[in-house]
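Me: Please take a close look at a single helix in this model. I would like one connected account of how it is placed.

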Amino acid sequence: MKIISANNSANYNYTISSKIEAGIVLTGSEVKSLRINTGSIRGSYIIEEHGELWLSNSYIKKYQNSNDSNYDPSRNRKLLVTKKEFNKISGSVKQGGFTIIPVSLYFSDKGYAKLTCGIAKGKKKIDK
């Protein structure tokens, strides 16, 4: 497992109750860019839109040899989770007080880009 980026402030700002592994939909040039460690999930968050999960505000630098002229390095990227995991996530978010945060971005043993998401509750200032 090769870790590309980790959200170090996640454990400081949130109490993580459970973690879920999700796949991430990337273009070919984004995968090549991540292989040379030019990605960041600091300050990113996960939103639910039309029954799907999206990673927002993550940064993946444009690959040097790419010919994408309209490349947006901080575009929304779709997350791939099973229906059972999605129902668990959306149920806890709708319950109140919980949010979904990205914890780490890495390549699995098979070479797929994966994102570890945490179902978390924000800490108060006194708890930090």
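Reply:

Helices (H or I, at least four residues) and strands (E, at least two) are DSSP runs, numbered from the N terminus. The model is predicted, so local features need pLDDT of at least 70 and side-chain atom pairs count only at pLDDT 80 or more, while totals for chains, interfaces and linings use all residues. Residues are numbered from 1 along each chain as its sequence is written, and side-chain values use heavy atoms, with hydrogens and water left out.

Within α3, the residues Phe86, Ile89, Ser90 and Ser92 are buried. They lie on the same side of α3 because they cover an arc of only 165 degrees around the axis, the arc being that of the directions from the helix axis to the C-beta atoms. On the other side of α3, Lys83, Lys84, Lys94 and Gln95 are exposed. Buried means under 20% relative accessible area, exposed means over 50%, and partly exposed is in between (1.4 Å probe, protein chains only).

After α3 comes Gly96, and its phi is positive, near 115 degrees.
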